[in-house]
Amino acid sequence: MTKYVGVLTAGGDSPGLNAAIRGIGKSAQGAYGMQVIGFRDGFRGTMENRTVRLNSAALSGILTVGGTILGTSRDKPHKMPVGSKSRDMTDVIVANYHRHHLDVLVCLGGGGTMKNALHLQRNGLNIITLPKTIDNDVAMTDVTFGFDTALGIATEALDRLHSTAHSHHRIIVVEVMGHRAGWLALGAGIAGGADVILIPEIPYDVEVVADAVRQRSQSGKHFSIIAVAEGARSQAEAKAMAKAMDKIAAASDKKARREAKARRNQLAAEQADSTQRLARTLEELTGLESRLTILGHLQRGGTPSAADRLLATRLGTACSSFINDGVYGVMVAARGDRAEPVPLEQVAGKLKTVPLDHPWIASARAVGTNLGD
Ligand code: F6P
């Protein structure tokens, strides 16, 4: 019996998505004789029934291409913006799945996608996911595709910023993506020789950072490169946020929860330009001129690295083999050289942050990098 496979990409785009689509599509058709269609723009396409045949012509020439040929969105099945409202469109998605006689829907995405995929599985669909994100924050997999490419881009940026910081005797604060995890900033910071690395897992003390910069000046190095994860916060900011989160958890009724959430949102808004404030404060504290560089979406753009193409192809082809065996309700995780199925319940809603005893942290400290604590 021919199996029918649907594929979608959701959440922020990530280098390696097309390599994964190609890996799934080519192996599903070539090795197992399956039929594959893609849905456009993430879960929105499954609601609007916008599809594309992923035949060999569509899969040809995409291995090296950045972004996703399917398009993506952050729309959620159960909170889909429709007109001016947000509506639960799960039933429509389930109906469209059956309309195409699908045996499985493959969802390529990060943390948010894992939750949405589990939701659809609980509504009766067969689901398999693949872990993609430049943030590397998906639980139960060694690594996500997209991370290696972004790591390379951020590292090259740090390399390039060294010469201009050195020439102008400046502090350059470099904001690196990563959402609420520090993998990208820590990895690029180590590889790019940042003098200070600040990550969300280790709230920083700005005086400690300023001291590190001053000590470098005293030893004749009148410039510093500071790699900051976008989610990094000062100790005071982290404390205030933790208090707000505790209040949400402790709220006894709807009104108290609404107020606590409003306070959390207000804090998040106040803390949004935290990297900019850090650059200004360091200038005041050290007397060195400072500049802020936000790497932003550059880190997600362009052709995937060889490692990401390989990982995406490996996970994509393993995905087809799991479909052939009828293994559903899982994420295809990278575990060493193997691709293993992990139940979606063990992945969804779990954030993989940098453990404080991670060897990268020990190595950074061992080479004298300041982590702001
Ligand atoms: O999850 C990937 C990511 O690039 C994060 O690092 C970042 O916080 C976020 O997406 C940016 O999202 P958007 O593309 O919607 O601005």
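1. Helix α9 is the one to look at in the second largest pocket: four lining residues come from α9, the largest share. Bear in mind that this is a predicted model.

2. As for size, the second largest pocket holds about 750 Å³ of space. Its lining counts 21 residues, and those closest to the centre are His-179, Arg-180, Gly-231, Arg-233 and Met-241. Besides α9 (235-250), the elements that put two or more residues into this lining are α10 (254-271) and α11 (274-286).

3. Now for the largest pocket, which comes in at a volume of about 870 Å³. There are 30 residues around it, and Arg-74, Gly-110, Gly-111, Gly-112 and His-179 sit nearest its centre. You'll have met His-179 already, in the central group of the second largest pocket.

4. Which helix gives the most to the lining of the largest pocket? That's α5, spanning residues 111-122, with five residues.

5. The lining of the largest pocket has 13 charged residues, along with twelve polar and five nonpolar ones.

6. Where does the largest pocket lie relative to domain 1 and domain 2? Domain 1 (4-145 + 304-346) and domain 2 (150-300 + 356-366) both supply lining residues, so the pocket lies between them.

Notes:
Residues numbered from 1 in each chain as written. Predicted model: local features only at pLDDT ≥ 70, side-chain atom pairs only at ≥ 80, totals over all residues. Heavy atoms only, no water. 1 Å grid on protein atoms, 1.4 Å probe; cavity = no way out; pocket = protein on both sides within 12 Å on 5 of 7 lines; lining within 4 Å. Points joined across faces, edges and corners; volume = space filled by probe spheres on them. Nonpolar A, V, L, I, M, F, W, Y, C, P; charged D, E, K, R; others polar. Domains from an automatic or database assignment.
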